[in-house]
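Subject: Handover of a structure and its findings

Dear colleague,

Please find below the structure that I am passing on to you. I would ask you to keep it open while you read the notes that follow.

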Amino acid sequence: MAATVVALRSSCRAAGRLFCIRHIRPYSSIRLLKARHIYGFDKSAWRYRHQHQLFRTTVASSGQIVQFKLSDIGEGITEVTVKEWYVKEGDTVSQFDSICEVQSDKASVTITSRYDGVIRKLHYALDEIAHVGKPLVDIETATIKDVAPEEDVVETPAVSHEEQTHQEIKGHKTLATPAVRRLAMENNIKLSEVVGTGKDNRILKEDILNYLAKQTGAILPLSPKPEIIPPPRKRDLAADTSKEKESRIPVPIAGPVVLSGKDKTVALSGFQKVMVKTMTAALKIPHFGYCDELNLSQLVRLREELKPVAQERGVNLSFMPFFLKAASLGLLHYPILNASLDENGQNITYKASHNIGIAMDTGQGLVVPNVKNIEARSIFDIASELNRLQNLGATNQLGTNDLTGGTFTLSNIGTIGGTYAKPVILPPEVAIGALGKIQVVPRFNSKGEIVKAQIMNVSWSADHRIIDGATMSRFSNLWKSYLENPASMLLDLK
């Protein structure tokens with residue numbers, strides 16, 4: 001028995017020396033544990049095994065606590081609202097695992113982890129305000145040497161040394177959002193080879209897609225195809241129409257009214273803050289208004305013919321793609337409407353791309369995402385992109401790229417109700433249109449006969465500092481002619 005104890009003691013000392021070589025230097029507290037471990041071994045073999053197991057567990061759980069800070073997500077955003085946590089304290093995460101979703105005053109952003117480790121602390125509860133540069137979560141990391149505590153990731157893939165060197169060959173920093181960098185990495189594209197069309201040569205998502213199209217001869221799909229909804233059978237159409245005529249009473253969408261009897265003060269939410277800021281800036285613009293009506297009878301018939309075809313291809317075809325394409329064709333003839341005026345009122349910037357915004361009513365409030373590069377898209381492409389934006393808007397998942405970069409705006413207020421409106425320009429744009437509802441009303445045809453006509457009213461607002469009434473009127477007449485005679489758009493499509 002004594003010989004066995006001596007042998008075990010020798011083994012322990014040898015193991016202790018071997019363990020110290022690997023672990024004593026990083027963790028000074030292990031020396032005390034080692035001493036306790038040897039003391040426990042001298043009492044009994046069972047005590048040695050128990051303490052040895054405790055000792056190993058203590059070392060495995062010892063790591064560096066890294067404060068994962070909320071990094072700058074661009075667009076001048078300094079604070080965000082925490083909308084959803086994807087982790088809780090004690091969860092194990094890896095690099096690029098989703099940590100949480102935050103809502104800025106412009107878009108929703110998913111924050112991803114830069115480290116492998118264990119979540120030790122969440123610094124914010126749901127709906128609390130998190131500030132850029134402040135700790136978001138504490139992560140206990142297993143390795144120390146690879147940790148860079150001041151670098152956080154927001155949907156940003158790691159950049160290899162080769163790619164980083166390639167990007168800095170020309171002596172300037174490549175500007176791109178994290179989402180764009182990830183898209184480039186997934187398609188093995190070096191950002192230095194892509195020409196940026198954004199502000200200060202910033203590389204946009206469209207630049208990556210255009211680069212891919214040139215390299216492969218194909219266009220990268222923007223999103224998965226939505227579920228295909230088969231068109232209703234003809235016998236059901238008559239029934240639906242009769243039911244619609246029977247009931248014209250609008251159904252309220254709000255919940256039950258609660259009479260509290262007390263006033264309350266609440267802070268502005270993210271999108272409300274944007275509206276306050278944007279509309280305050282819009283007050284500085286002298287607005288010029290212009291209204292007209294359109295006979296969309298031919299367009300209504302054309303859409304009815306094309307709608308089942310689009311549905312077979314997985315796209316819901318509304319009137320808006322036609323409105324957007326007609327506006328883009330008009331902007332080619334009147335580019336002043338697709339421009340911006342600098343803050344000092346000294347320079348006009350004519351925008352090359354037609355990024356036309358669409359006002360959307362969402363659960364978060366009014367948002368205006370835009371369809372990029374409409375001048376280069378077909379009506380079907382525009383409809384597909386609209387479906388994507390509407391799906392994201394319905395789930396409050398519109399990204400910053402979807403909500404910025406607009407050059408012209410259409411507001412389809414007619415989907416809710418109303419005929420005429422007085423739209424407010426969204427700076428730095430210089431024009432906006434509001435579309436009323438389409439109604440069946442009597443009109444005279446060319447033979448003097450009374451016929452049913454599908455009539456829609458449009459209300460334009462323009463920046464009267466650089467746009468005169470004649471220009472707005474001519475643009476509206478051209479836009480109107482395209483929509484009243486949709487076949488005429490074929491002559492100008494490219």
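Two residues are said to be in contact when they have heavy atoms within 4.5 Å of each other. Leaving aside neighbours within four places in sequence, F408 has such contacts with A327, L331, L337, N338, N355, I356, G357, E429, A431, W460 and F475.

Before going further, please note that this is a predicted model, in which local features need pLDDT of at least 70 and side-chain atom pairs count only at pLDDT 80 or more, while totals for chains, interfaces and linings use all residues. Residues are numbered from 1 along each chain as its sequence is written, and side-chain values use heavy atoms, with hydrogens and water left out.

F408 also belongs to the largest nonpolar core, which has 51 residues; F323, L324, F408 and W479 have the most contacts inside it. A nonpolar core is a set of buried Ala, Val, Leu, Ile, Met, Phe, Trp, Tyr and Cys residues joined through side-chain atoms within 4.5 Å. Buried means under 20% relative accessible area, exposed means over 50%, and partly exposed lies in between (1.4 Å probe, protein chains only). Helix α10, residues 320-333, gives the most to this core, with 8 residues. Helices (H or I, at least four residues) and strands (E, at least two) are DSSP runs, numbered from the N terminus. A second, separate core of 21 residues includes V66, V80, I111 and A130.

Next, is H287 buried, partly exposed or exposed? H287 counts as partly exposed because its relative accessibility is 32%. This residue lies in strand β9, residues 287-295. Not counting residues up to four places away in sequence, H287 touches A282, P423, V424, I425, S461 and A462. A polar atom of the H287 side chain lies 2.8 Å from the backbone oxygen of I285, and one lies 3.0 Å from the backbone nitrogen of I425. The C-alpha atoms of H287 and A431 are separated by 9.0 Å, although these residues are 144 places apart along the chain.

Finally, there is an open sheet of 4 strands in the order β1-β8-β6-β3, with antiparallel pairing. Its edge strands are β1 (64-69) and β3 (92-93), each of which pairs on one side only. Two strands pair if DSSP finds at least two bridges between them. Strands β6 (residues 117-122) and β8 (residues 135-141) pair in the antiparallel sense over 5 bridges, and K121 has D138 in β8 as its bridge partner.

Conventions:
Polar contact = N/O pair within 3.5 Å; in protein donor to acceptor, adjacent residues only side chain to side chain.
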